[in-house]
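Welcome! Please take a moment to look over the model below before reading on.

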Amino acid sequence: MKKTILAGILTICSLVFMCGCTDKDLPTPEKMSAISTVIGRTAGYACELSKTKTEVKTAIATVLDAVSKVTPATNETFTVAWKPVIDAELEKTGLKDADLAIAKIALTAACEGIDYLFVKYPKAREVQDLVSVSVDGFVSGYKSVVTMQATKDKPEIDEDALKYIKGKISK
């Protein structure tokens with residue numbers, strides 16, 4: 001009888017442990033990659049760069065590749081970690097005044113977008129594999145929209161993320 005009760009308790013504890021992490025708390029790497037790609041596209045779409053000069057888009061993509069190699073410290077946002085790298089990398093691009101301002105706004109949107117992802121899924125920040133696939137997916141999604149030519153087609157985006165990012169970059 002005691003063994004049956006103990007086995008039942010262990011089974012219940014196992015189920016609670018396995019079900020305790022909801023999908024919202026800790027998505028799979030595949031799901032996190034897919035979500036981050038959509039949020040990356042959303043951040044790129046928020047910038048409305050489809051009619052921007054090619055050299056500005058290229059500079060944005062190049063800088064984003066450089067900053068994507070920087071992982072924030074624990075309790076540090078991507079915005080905080082990436083901003084100094086963005087500033088340093090933008091200096092290397094040779095962009096001037098208005099073009100530089102456009103690139104800064106676009107890269108600020110990228111920072112806000114990746115931060116939004118981890119506001120939405122804070123537990124994912126604790127798992128390095130999820131952070132890695134998230135950054136890769138985000139950068140891929142962002143660049144796919146930023147580097148595309150003017151089009152009437154709207155990419156698949158996250159409307160909540162769009163509102164969040166536009167609110168952050170319009171300040």
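## The chain as a whole

Helices (H or I, at least four residues) and strands (E, at least two) are DSSP runs, numbered from the N terminus. Counted that way, the chain has seven helices and zero strands, and its pattern along the sequence reads α-α-α-α-α-α-α. This is a predicted model, in which local features need pLDDT of at least 70 and side-chain atom pairs count only at pLDDT 80 or more, while totals for chains, interfaces and linings use all residues. Residues are numbered from 1 along each chain as its sequence is written, and side-chain values use heavy atoms, with hydrogens and water left out.

The chain has 171 residues, and 38% of them count as buried (under 20% relative accessible area, with exposed over 50% and partly exposed in between; 1.4 Å probe, protein chains only). The accessible surface (Shrake-Rupley method, 1.4 Å probe; for residues, only the protein chains shown count as cover) comes to about 9,900 Å², and carbon and sulfur atoms account for 59% of it. Contact means heavy atoms within 4.5 Å. Among contacts between residues at least 6 apart in sequence, 82% join residues at least 24 apart.

## Helix 3 beside helix 6

How do helix 3 and helix 6 pack, and at what angle? Helix 3 (residues 54-67) and helix 6 have axes 10 Å apart, at an angle of about 175° (axes are lines fitted to C-alpha atoms, for helices over the stretch in contact, and angles run from 0 to 180 degrees between N-to-C directions). The two helices are therefore roughly antiparallel to each other (an angle over 145 degrees; under 35 is roughly parallel, 65 to 115 roughly perpendicular and the rest oblique).

From helix 3, K57, I60, A61, L64 and D65 meet V139, Y142, K143 and V146 of helix 6. By class, this contact has six nonpolar, no polar and three charged residues (Ala, Val, Leu, Ile, Met, Phe, Trp, Tyr, Cys and Pro count as nonpolar, Asp, Glu, Lys and Arg as charged, and the others, Gly among them, as polar).

## Two buried aspartates

Look for D158 in the loop between helix 6 (128-146) and helix 7 (159-169). D158 is buried, with a relative accessible area of 14%. A polar atom of the D158 side chain lies 2.8 Å from the backbone nitrogen of A161. Not counting residues up to four places away in sequence, D158 touches V38, I39, T42, Y116 and K120.

D99 sits in helix 5 (residues 97-120). D99 is buried too, at a relative accessible area of 15%. Leaving aside neighbours within four places in sequence, D99 is in contact with K53 and V56.

Note on methods:
Polar contact = N/O pair within 3.5 Å; in protein donor to acceptor, adjacent residues only side chain to side chain.
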